[in-house]
Amino acid sequence: CRPGDRFARSVGGGGRVAVVSRFRLREPWSEQGAPLGVFRSRLLKSVFHELGHTLGLRHCLDFPCVMTSSASIEMLDEKGEDFFLGCRAHVVRILA
């Protein structure tokens, strides 16, 4: 996390290592946390997002893309679970 980053759930700097924490993905802060389906979707999005950074992707401006930045848990919930257009092409090219 960077100082002042209140919403960090994962960290990746474009290198070969990224960290995804489950803790902040369990919001809202109730005894059980988020429903299991919501939690799994958040975890998948966070893992794909950080994987994208390890493959050299930056944040994307196409909102459906999993590589868009998420400044809040609500933004994470709203974005898609997959790479979009240019980001997808980059991932396919790197992994081919």
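Biologist: What makes the pair of Lys79 and His49 side chains a polar contact?

Modeller: In this predicted model, the two side chains are 3.5 Å apart. A polar contact requires N or O atoms within 3.5 Å, so the pair qualifies. The Lys79 side chain also reaches the backbone oxygen of Val66, at 2.9 Å.

Biologist: How do you know that Lys79 has no salt bridge?

Modeller: The nearest side chain of opposite charge is Glu50, 7.7 Å away. A salt bridge needs a distance within 4 Å, so Lys79 has none.

Biologist: Why is the pair of Asp77 and Arg42 called a salt bridge?

Modeller: Their side chains meet at 2.7 Å, N to O. The limit is 4 Å, so the name applies. The pair links distant parts of the chain, with Asp77 in helix 2 and Arg42 in helix 1, 35 residues apart.

Biologist: Why is Arg42 called buried, and what is Asp77 called?

Modeller: Arg42 has 5% relative accessibility. Buried means under 20%, so Arg42 is buried. Asp77, at 33%, falls between 20% and 50% and is therefore partly exposed.

Biologist: How many salt bridges does the structure hold?

Modeller: There are 2. One of them joins the side chains of Asp82 and Arg88 at 2.5 Å, N to O. Asp82 is partly exposed at 36%, and Arg88 is partly exposed at 41%.

Conventions: Residues numbered from 1 in each chain as written. Predicted model: local features only at pLDDT ≥ 70, side-chain atom pairs only at ≥ 80, totals over all residues. Heavy atoms only, no water. Helix = DSSP H or I, 4+ residues; strand = E, 2+ residues; numbered from the N terminus. Buried < 20%, exposed > 50% of the residue type's maximum accessible area, 1.4 Å probe, protein only. Lys, Arg positive; Asp, Glu negative; His and termini not counted. Polar contact = N/O pair within 3.5 Å; in protein donor to acceptor, adjacent residues only side chain to side chain.
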